[in-house]
Number of protein chains: 2
Amino acid sequence: MDDDFPQFSAALSDALKDRDLARISELLGDHDAGDIVRALEREDAADRAVLYRLLRREHALEVFELLEPGLRAELFAGLRDEEVARLFEQLDPDDRAQLVDELPAGVAKDLMSGLSASERELTAPILGYPRGAIGRHMSTEFVRLQPQLTVGDALTHVQLRGPGAETVYMLPVTDPERRVVGVVGLRELVMEPGDLGLAEVMTEAQVVRAVDPAEQAARRVVDGQLLAAPVVDSEDRVVGILTIDDAARILEDAEDEDAARQGASEPLRRPYLTTPVFGIVRARVVWLLVLAVSALLTVQVLGIFEDAIEQVVTLALFVPLLTGTAGNTGSQAATTVTRALALGEVTSRDVLVVAWREVRVGATLGALLGALGFVLATLAFGIDFGGVIGITLVVVCTIAATVGGAMPMLARAVRADPAVFSTPFISTFCDATSLVVYFVVATWLLGL
Amino acid sequence: MDDDFPQFSAALSDALKDRDLARISELLGDHDAGDIVRALEREDAADRAVLYRLLRREHALEVFELLEPGLRAELFAGLRDEEVARLFEQLDPDDRAQLVDELPAGVAKDLMSGLSASERELTAPILGYPRGAIGRHMSTEFVRLQPQLTVGDALTHVQLRGPGAETVYMLPVTDPERRVVGVVGLRELVMEPGDLGLAEVMTEAQVVRAVDPAEQAARRVVDGQLLAAPVVDSEDRVVGILTIDDAARILEDAEDEDAARQGASEPLRRPYLTTPVFGIVRARVVWLLVLAVSALLTVQVLGIFEDAIEQVVTLALFVPLLTGTAGNTGSQAATTVTRALALGEVTSRDVLVVAWREVRVGATLGALLGALGFVLATLAFGIDFGGVIGITLVVVCTIAATVGGAMPMLARAVRADPAVFSTPFISTFCDATSLVVYFVVATWLLGL
């Protein structure tokens with residue numbers, strides 16, 4: 001169980017340090033593939049190769065397939081050529097295609113040409129689709145059925161053709177041109193009377209197109225609680241299937257990317273603990289620089305109002321509070337809307353609906369915070385100053401929520417990743433805006 | 001397909017406005033359950049009930065099960081009592097249990113007592129587990145097999161007992177005390193020779209415990225690419241199963257919650273467009289107030305250094321840039337570490353490892369940004385000032401990354417949600433810290 005993972009991982013690390021291979025084998029034998037993968041993802045590349053080679057043969061393939069894609073290519077480098085070739089031949093075609101993307105072009109080409117003809121034939125169609133399309137993640141090992149079969153004949157067909165297939169739990173039913181006319185589950189084939197026609201037990205197929213964006217197709221499968229969906233080409237012919245476990249993994253990777261972007265860094269391509277410090281720096285430094293350079297705008301804005309600050313130094317005291325509140329309001333809106341976009345709850349056409357909702361939300365939040373700010377600032381610095389803080393908060397919260405909500409919508413409208421307008425990006429934008437509002441209101445109310 | 005969803009949704013809204021029931025029925029008949037659910041989640045409660053009642057009977061149950069839990073209870077309120085009773089009886093026990101949580105206690109009690117004895121018996125065990133435990137999401141309709149059966153007999157057993165089960169694709173094999181001794185897939189029962197013993201074809205079970213946190217158990221199923229996992233009680237007896245589609249949905253909800261918390265709001269309990277403006281305000285206002293009140297700390301800090309600002313007003317110009325950079329660095333670290341915790345890549349025991357990594361990452365980022373800041377500030381305001389900005393950036397980035405990385409770890413260590421230390425929370429903390437560093441360095445270097 002999960003609870004003993006830290007002990008397992010620590011024991012494994014100790015055994016590695018002592019190069020106690022017998023102890024390592026014993027530990028690996030006691031744990032399931034999931035725990036082994038987690039443990040592997042905590043060790044460095046050399047130790048990972050050592051551990052991997054000590055796995056029991058029946059575990060090795062499963063562990064490899066569960067490993068983060070970023071680590072698979074690296075692991076290859078630590079294995080002998082014949083081990084690599086055998087593993088490459090055993091992989092599912094979709095996992096193999098993904099690996100090809102990770103490997104140096106020369107290595108990938110050699111491995112592909114070393115494949116048996118049948119495996120190469122299963123892999124080639126996947127590689128024909130662009131990266132980011134669901135065709136790149138589909139499984140080409142599937143069994144399709146003719147609608148004129150009986151349930152009994154269909155079951156026999158599955159028994160004959162099924163052993164190599166990725167899944168036989170969802171079976172596309174196709175016409176002679178390979179166009180999908182329905183789907184049937186293995187469950188139906190087992191449960192329904194054998195003499196019924198397949199056409200009578202099959203249900204409507206929910207298909208995805210091979211060129212569809214991977215995340216969108218995967219969400220369709222997961223949200224529809226489908227076990228698998230047929231993948232079709234531009235002429236509606238079935239070219240593969242997308243299983244729910246692959247779909248769930250695609251979504252997990254997409255969430256990873258969104259979460260990283262929301263925090264203004266690029267997603268790490270491998271688990272946190274195995275990413276070198278310099279790799280983490282690289283994932284963060286570009287955004288940090290972009291944001292810092294944008295923040296020079298705030299220096300400019302404050303420069304314009306330097307005289308006002310000189311006259312009333314108290315004005316400077318509230319700068320971080322106001323910019324902070326603006327940033328928080330903006331990032332709340334951006335987070336909510338980005339997520340709603342990812343889930344398909346809103347589409348880019350809804351930009352005005354969303355903006356109008358956020359105007360009202362922002363104004364309400366601003367009124368609440370403004371009232372509080374007015375009271376506190378009045379008590380500390382007099383009613384004039386209270387008025388400046390109160391009015392500024394109302395205006396700033398309204399703007400921040402509206403901008404925070406609208407920006408991801410606009411990004412989606414121009415087909416960019418909505419998460420590009422990350423929380424920190426919106427914070428920085430709101431910082432500058434809130435400063436302008438603040439000093440305009442102050443100049444006016446305090447008569448500077 | 002997905003692409004015509006906006007047209008479908010717009011046409012549906014128009015037909016609703018015109019109360020053109022025939023057109024609505026036609027539109028609903030043309031689309032699959034996934035699209036209908038998305039469309040439903042965009043309308044208000046009254047229209048949603050109208051649409052729902054126009055669904056074809058075979059769609060109605062599927063649509064209801066795919067609906068956001070927050071909307072199901074509300075939809076009940078718009079249906080007639082007998083419709084409600086029928087729907088409640090038809091639901092899967094796990095969906096029913098979830099609904100009970102949403103409904104007013106009186107209504108739930110009435111509905112439960114109106115259930116048939118067999119359905120009540122299937123639902124009661126689920127309700128016996130605490131909210132947040134995976135037992136609350138398990139399916140109690142499953143078929144278990146005895147290890148002494150042959151493959152052929154097992155298949156017959158599944159044919160007899162399977163029709164009511166949530167899934168028959170993964171079947172737990174149990175001893176007479178209902179303890180799991182293995183699992184077998186329907187695939188194996190269909191593919192393997194009928195006279196083989198079940199014990200020879202079953203594989204090791206990867207079980208989850210009914211009291212395990214739901215997210216952790218769900219991630220185990222999804223990461224392990226299991227179709228389903230048996231759920232066991234404290235005595236290792238199987239009490240239910242967790243299917244991958246339910247697991248994927250649990251993870252999606254967990255991501256929702258994490259994404260919202262990272263953006264400093266509470267997750268909305270229903271889709272964005274159907275949440276009233278006041279509901280959105282409520283989800284955000286508490287955090288916004290907490291953060292604004294914490295930000296009063298920055299006013300205090302600046303108050304202490306008011307004299308320094310009065311002497312060198314230029315100091316005030318860089319306040320938003322420095323607090324912003326500190327906040328960004330902190331939130332980058334927090335986002336990465338929160339995600340690594342969610343994925344199980346690090347555990348709370350790794351706090352020192354993580355902190356030490358973030359010290360190095362932060363110092364590297366600080367050195368890069370500090371060098372840039374030193375050059376720019378020196379050019380604009382002289383070398384003394386350049387020194388202040390450069391040194392401050394190095395120190396502040398190091399502290400921010402370390403704190404941002406360590407805070408989620410500490411939250412997990414005390415069993416709180418790591419996402420509670422949201423980006424804005426860490427920003428606010430970093431704001432105050434960076435101001436102190438800034439003015440201490442300035443006072444020292446500029447001799448104030």
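Which residues of chain A does the UniProt annotation "transmembrane region" cover? In this predicted model, the record, an unreviewed entry, places that annotation on residues 285-305, 361-383, 389-411 and 423-446 of chain A.

| Span of chain A | Distance between end C-alpha atoms | Helix | Strand |
|---|---|---|---|
| Residues 285-305 | 31 Å | 95% helix | 0% strand |
| Residues 423-446 | 33 Å | 96% helix | 0% strand |

Chain A also holds an open sheet, in which three strands follow the order 3-4-5 with mixed pairing. Strand 3 (208-209) and strand 5 (238-243) of chain A have a single partner strand each and stand at the edges, so one side of each is left without a neighbour in the sheet. Strand 4 (residues 228-232) of chain A pairs with strand 5 of chain A in the antiparallel sense, over five bridges, and Val232(A) has Val238(A), in strand 5 of chain A, as its bridge partner. Helix 14 (residues 214-223) of chain A packs on this sheet, where it touches strand 3, strand 4 and strand 5 of chain A, and its direction makes about 60° with that of strand 5 of chain A. Helix 15 (residues 244-262) of chain A packs on the sheet as well, touching strand 4 and strand 5 of chain A, with its direction at about 70° to that of strand 5 of chain A.

The same surface serves both copies, as 100% of the contact residues of chain B recur in chain A.

Key: Residues numbered from 1 in each chain as written. Chains lettered and ligands numbered in written order. Predicted model: local features only at pLDDT ≥ 70, side-chain atom pairs only at ≥ 80, totals over all residues. Heavy atoms only, no water. Pairing = 2+ DSSP bridges. Helix = DSSP H or I, 4+ residues; strand = E, 2+ residues; numbered from the N terminus. Contact = heavy atoms within 4.5 Å. Axes fitted to C-alpha atoms, helices over the stretch in contact; angles between N-to-C directions. UniProt positions renumbered as here; feature names shortened; annotations may be inferred.
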